[in-house]
Amino acid sequence: MNKTICCVNDMPGVGKIALGAMIPILSAKGISVTNLPTALVSNTLDYGKFQILDTTDYMRQTVEVWNELGFRFDCISTGFMVNPAQINVIERLISCQDSEKLMVIVDPIMGDDGHLYNGMNEMNVEIMKRLSSLADILIGQND
């Protein structure tokens with residue numbers, strides 16, 4: 001049986017990260033991939049200048065449609081979140097799944113080597129603390 005994963009992350013215009021990397025890699029492995037973009041990002045944040053379009057309203061409406069249609073996932077994988085309201089959307093998505101079969105993977109995506117990425121702040125840290133509490137698997141860096 002084909003496994004289905006819902007990837008919740010940003011979609012970069014320039015850069016091979018987040019949904020831009022997850023969708024083709026997981027698809028090539030034979031996994032059915034659904035995506036829920038948290039933001040459209042002009043380019044990776046390491047360029048120093050970027051534009052971010054927050055998609056929280058789209059996420060909220062999409063999750064409601066998916067719930068009405070009965071879409072179910074074997075796994076929900078999350079990455080970059082733009083604001084705390086997106087955690088509520090993810091909690092709603094998770095609550096409508098079969099919790100016995102669902103795996104939740106959280107990658108906080110805030111920085112490397114003990115430093116926050118350009119554009120990240122304490123609000124992002126608090127968002128990820130809350131989201132991480134939902135994880136079956138938490139992806140992190142060992143120092």
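This is a predicted model: local features need pLDDT of at least 70, side-chain atom pairs count only at pLDDT 80 or more; totals for chains, interfaces and linings use all residues.
Cys-75 is buried, at 11% relative accessibility; buried here means under 20% relative accessible area, exposed over 50%, and partly exposed in between, with a 1.4 Å probe and protein chains only. Residues are numbered from 1 along each chain as its sequence is written, and side-chain values use heavy atoms, without hydrogens and water.

Cys-75 belongs to strand S4, residues 75-78. Helices (H or I, at least four residues) and strands (E, at least two) are DSSP runs, numbered from the N terminus. In a regular strand, side chains alternate between the two faces of the sheet. In S4, Cys-75 and Ser-77 point one way. Ile-76 and Thr-78 point the other way. All of these residues are buried.

The structure holds zero disulfides, a disulfide being a pair of cysteine sulfur atoms within 2.5 Å. Cys-6 is likewise in no disulfide. Its nearest cysteine sulfur, that of Cys-7, is 6.9 Å away. Cys-6 is buried, with a relative accessible area of 0%.

Two strands pair if DSSP finds at least two bridges between them. Strands of a sheet pair through backbone hydrogen bonds, either parallel or antiparallel. Strand S1 (residues 4-12) pairs with S4 in the parallel sense, over four bridges. Ile-5 has Cys-75 as its bridge partner in S4. Cys-7 stands opposite Ser-77. Strand S5 (residues 103-106) also runs parallel to S4, and four bridges join them. There, Val-106 is the bridge partner of Thr-78. S4, helix H3 (residues 85-95) and S5 form a right-handed β-α-β unit. A crossover is right-handed if, with the strands pointing away from the viewer, the path from the first strand over the helix to the second runs clockwise.

Contact means heavy atoms within 4.5 Å.

Asn-67 is found in H2. Asn-67 counts as buried, at 14% relative accessibility. Residues up to four places away in sequence aside, Asn-67 touches Arg-72, Arg-92 and Cys-96. Ser-95 has its place in helix H3. At 51% relative accessibility, Ser-95 counts as exposed. The C-alpha atoms of Ser-95 and Asn-67 are separated by 10.0 Å, and the two residues are 28 residues apart along the chain.

Asn-9 lies in strand S1. Asn-9 is buried, with a relative accessible area of 3%. Beyond its neighbours within four places in sequence, the contacts of Asn-9 include Ala-18, Leu-36, Gly-79, Phe-80 and Ile-109. Asn-9 and Val-82 are 73 residues apart in sequence, with a C-alpha to C-alpha separation of 9.6 Å. Ala-18 lies in helix H1, residues 18-28. Ala-18 is not a glycine, yet has a positive phi of about 50 degrees. Its relative accessible area is 13%, so Ala-18 is buried.

Asn-124 has its place in helix H4, residues 122-132. Asn-124 is also buried, at 6% relative accessibility. Leaving aside neighbours within four places in sequence, Asn-124 is in contact with Phe-80, Met-81, Val-82, Met-110 and Gly-119.

The protein chain averages a pLDDT of 91. Of the residues, 97% score at least 70. Among the elements of the chain, H2 has the highest mean pLDDT, 98. Strand S6 (residues 111-112) has the lowest, 76.

Technical notes:
pLDDT is the predictor's confidence in each residue, from 0 to 100.
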